[in-house]
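Please look over the sequence and structure shown here before reading on.

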Amino acid sequence: MKQNLSTKLLRQPYIVWSVLFILAPLAMVCYYAFTDKSGAFSLNSISQIPSYLSVFGKSILYGAVATVICFFLSYPFAYALSKAKLSAQKTMVMLVMLPMWMNFLIRTYSWMTILGRSGLLNKFLSLFGVESIKFLGTPGAVILGMVYNFLPYMILPIYSVLSKLDNSLIEAAKDLGCNRLQVFKRVVFPLSLPGILSGVTMVFVPCVSTFYITQKLGNGQIMLIGDIIEMQFQQANNYNLGAALSLVLMVLILICIGVMNRFGSSEENGGALYI
Amino acid sequence: MKSKTSPLSKLYMALIFLFLYAPIAVIIVFSFNASTSTYIFTEFSTKWYVEFFNDSYAMRALRNTFVLAIVNCVISTVFGTVSSVGIFKMKNKWMKSAVMSVTNIPMMNPEIVTGISMMLLFVFVGTLLKMNDVLGFTTLLIAHVTFSLPYVILSVIPKLNQLDPHIYEAAVDLGCKPHRAFRKVILPEISSGIITGAIMSFTLSLDDFIISYFTSGPSFQTLPIYIFSMTKKRVKPDMFALSAIIFVTILVLLILVNVAESRAEKKELSRRGDAK
Amino acid sequence: MKKAMAILFSVLFAFSFASCAKSDETADVEYFSDEQKQYYASLGLQGTTVNVYNWGEYISDGSEGSMDVVAEFERLTGARVNYTNYESNENMYSKLSGGGVSYDVIVPSDYMIERLVSEGMLLELDFENIPNYKYIVDDAKGLYYDKDNKYSVCYNVGTTVLIYNTMLVREEPDSWDILWDEDYKDLVLMFNNSRDSFAIAQALLGQDFNTTNPDDWKEAAKLLAKQKEAVSPRYVMDEVFDLMESGEYALAAYYAGDYELMVENNPNLAFCFPKEGVNYFYDALCIPKCTQNKKGAEAFINFMQEPEVALANAEYIYYASPNSEVIANDDYSLKGSEAVYPSVKPNSQYFRNLDEKILGLQSELWVNIIQGREIK
């Protein structure tokens with residue numbers, strides 16, 4: 001009974017908080033999505049969604065590609081990090097995050113300086129006689145921007161899980177005749193799944209709804225759903241359509257995470273996220 | 001623990017760091033540019049550093065930003081950790097998954113939607129409480145804690161899943177009070193998750209523009225709002241100078257802390273060696 | 001690790017507080033006469049707060065030896081100014097209409113003033129308290145957004161212009177249609193802002209910028225889509241400075257005052273007012289209904305039109321000032337600038353407030369243009 005009380009105390013405030021500051025604003029989004037300017041019930045905004053379906057698809061695709069790249073860049077890094085000297089580990093964790101303490105806008109400008117037509121990278125390449133390459137305005141540049149901005153959010157949770165991996169399990173696997181690859185496949189990877197799932201969520205979800213990166217690194221020629229929602233609020237003054245679009249976006253993201261979790265939690269430990 | 005980093009993985013780590021720090025290097029270089037351009041380097045100059053220290057709005061905004069980020073980091077880390085434990089201990093699977101889904105919402109809402117809906121909520125509550133100027137530091141802080149919490153929770157929960165439940169039970173069986181057992185047994189095990197969560201919440205708060213814009217009032221402007229508002233005209237390189245100053249300060253601090261810690265570690269080791 | 005974090009945080013704290021130590025410094029230069037000082041001191045604003053909500057980089061802020069206008073106002077009146085910024089009329093409007101905040105002075109553009117007036121969100125000004133209104137030139141009074149001069153005091157005037165790099169553009173353009181010229185593929189910069197971009201296409205088509213006919217908008221959208229196809233323009237806002245100054249792009253549409261800033265860093269740039277017409281805009285100082293210090297707000301608006309202050313702002317912002325004392329001042333660096341103060345008023349149109357339907361259509365069309373979809 002006492003146990004129960006303390007657990008309640010632990011989670012009750014959070015539930016209250018979520019209802020107040022997550023669900024109440026969400027209810028407001030729903031309200032706007034299903035009403036018109038005058039506040040009367042209307043399906044007008046929702047009915048416009050189909051013409052934006054291709055943008056939704058594109059956004060999810062960009063987000064997915066960025067997430068996959070982030071994962072493949074992060075895992076080896078996090079693994080190496082977890083094997084580094086203990087005192088160095090702490091510093092390096094901070095170093096991974098430190099670039100993100102610089103202003104987002106200024107970082108994006110910096111990428112424009114690097115990737116521009118007469119930018120640093122092209123200047124460097126021209127030393128080797130390579131002709132000017134168009135980086136900005138391509139999907140690659142946008143995805144690079146996403147990977148850059150969200151990479152630490154993949155590295156850190158994976159590292160955090162790997163750093164406390166039970167070494168005796170690995171020893172045991174080795175004793176039982178597993179080679180290094182098998183140890184990784186059968187022991188290390190499954191045990192790090194919770195961290196991976198957290199990382200994937202923290203990268204994929206914000207990637208899909210991002211807006212500024214696409215405009216700046218895409219030369220204003222690439223538009224993802226985040227940009228369009230942004231536009232509804234800031235230029236078209238159409239809160240209703242903006243809310244409807246973000247509601248649909250949310251449902252789509254929830255479905256994606258749900259699929260991912262189903263897939264991820266086939267193993268014993270995949271309990272990090274629930275849908 | 002012995003270091004097992006191979007040269008190959010060292011090289012790989014260096015490459016990733018190069019990727020992460022290339023834009024930062026560019027920022028630092030261009031903070032010393034004589035012209036207003038952040039694209040073409042003309043001449044070396046330190047004038048933007050002088051400019052920055054004379055820019056009283058930027059200075060105020062900088063202070064506000066750090067105060068907010070620190071307070072947010074403390075609150076959301078503590079609150080997030082406690083909530084994670086609460087969620088983790090939930091017996092009802094359905095309930096648990098519902099709570100986790102709700103947790104994800106602040107992350108997946110486009111910032112502008114979160115920002116505007118929170119603003120409307122605060123204003124609504126404000127009119128109920130007959131407060132004219134409801135938007136200010138408190139509302140800003142609530143918004144920041146709200147969007148930071150999922151990151152803390154998502155960092156801590158995997159560590160809780162990793163936990164061996166028997167340790168805690170053993171500690172309690174051996175006569176530890178539950179909260180003491182939590183502090184002595186569970187907390188050290190999940191500390192790396194808590195720390196990454198704290199770093200993330202600090203970072204997010206430091207860098208947020210849209211949500212801050214809509215939930216802040218006239219008395220409290222943060223640096224990202226200040227910088228974004230420049231985009232109608234032009235972002236001046238004194239903001240690059242500012243970034244360079246922040247970066248170098250923190251880097252130096254990190255190195256100092258690291259040196260101090262590894263020294264202490266060495267001492268500890270040699271003392272142990274002596275004892276043997 | 002805990003210790004490390006503690007050290008880090010405490011130093012950050014110290015750092016952030018040290019940073020604000022040097023904010024109340026008064027200027028070494030005295031800009032004002034005793035009379036002016038007396039006037040502002042006698043207003044009884046000591047200890048009150050004025051919340052000013054302005055565009056970013058839209059006031060002389062003390063950098064590079066300029067006047068720190070806000071600090072000077074605080075010094076003269078003894079009031080405290082909370083100075084905050086926005087980056088678009090629409091963001092400012094959302095914040096204002098949402099409520100929960102009280103601002104005393106705002107600086108909306110013409111079409112936004114029209115909207116705020118029509119929604120009853122502005123207060124009538126008491127011009128007794130704004131004696132400097134006498135300095136405002138007649139051209140900036142009685143305009144369509146405030147016909148009876150009740151709600152606003154003009155702050156800045158400007159137009160859009162066509163900017164080109166004489167090293168890359170051989171002929172001297174006189175029309176927006178050069179932005180459709182395939183010879184300049186990948187060398188054209190357009191506004192990343194649907195309204196300003198549409199205005200260019202509308203000018204070429206000879207349309208009213210504020211047309212309420214959906215077919216007109218669709219026609220303009222088709223023209224913009226054609227441009228995207230032909231020259232693949234880069235849609236930019238403030239990046240335009242770097243890209244034109246570096247000589248990487250040949251042609252850009254942007255604001256006249258900003259051309260003057262660019263040409264200081266790249267003398268090869270030139271401008272023209274395309275014959276089809278440009279957009280003429282006004283930004284004006286207003287007091288919203290939510291004000292809690294109307295007297296302070298009026299004093300601030302008046303202060304902004306003190307000849308010394310208006311000059312400092314004009315020198316900082318580079319847009320045209322409506323203040324006759326500034327225009328007549330021989331030391332004013334933009335005196336005689338054809339871009340900012342054209343001797344012959346260019347063919348131009350204003351932006352009016354568009355209704356929701358047209359705004360919705362416009363943004364939908366814009367999405368289709370950028371996505372490269374067919375305009376139906």
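## Confidence of the model

Chain C has an average pLDDT of 91, and 93% of its residues score at least 70, where pLDDT is the predictor's confidence in each residue, from 0 to 100. Over residues 22-26 of chain C the pLDDT stays under 50, and the model has four contacts beyond four places in sequence for this stretch, a contact being heavy atoms within 4.5 Å. The model scores ipTM 0.89 and pTM 0.91.

This is a predicted model, in which local features need pLDDT of at least 70 and side-chain atom pairs count only at pLDDT 80 or more, while totals for chains, interfaces and linings use all residues. Residues are numbered from 1 along each chain as its sequence is written, chains are lettered from A and ligands numbered from 1 in the order in which they are written, and side-chain values use heavy atoms, with hydrogens and water left out.

## Helices of chains A and B

The axes of helix α9 (residues 180-208) of chain A and helix α6 (residues 137-162) of chain B come within 8 Å and cross at roughly 165 degrees; the axes are lines fitted to C-alpha atoms over the stretch in contact, with angles running from 0 to 180 degrees between N-to-C directions. α9(A) and α6(B) are therefore roughly antiparallel to each other, a term for angles over 145 degrees. The contact is made by A:P194, A:G195, A:S198, A:T201, A:M202 and A:P206 of α9(A), together with B:Y151, B:L154, B:S155 and B:P158 of α6(B).

## A buried helix in chain C

Helix α10 (residues 294-304) of chain C is largely enclosed by the rest of the structure, because nine of its eleven residues are buried, that is, under 20% relative accessible area with a 1.4 Å probe and protein chains only. Among these buried residues are C:G296, C:E298, C:F300 and C:M304.

Note on methods. Helix = DSSP H or I, 4+ residues; strand = E, 2+ residues; numbered from the N terminus. Parallel < 35°, antiparallel > 145°, perpendicular 65-115°, else oblique. Buried < 20%, exposed > 50% of the residue type's maximum accessible area, 1.4 Å probe, protein only.
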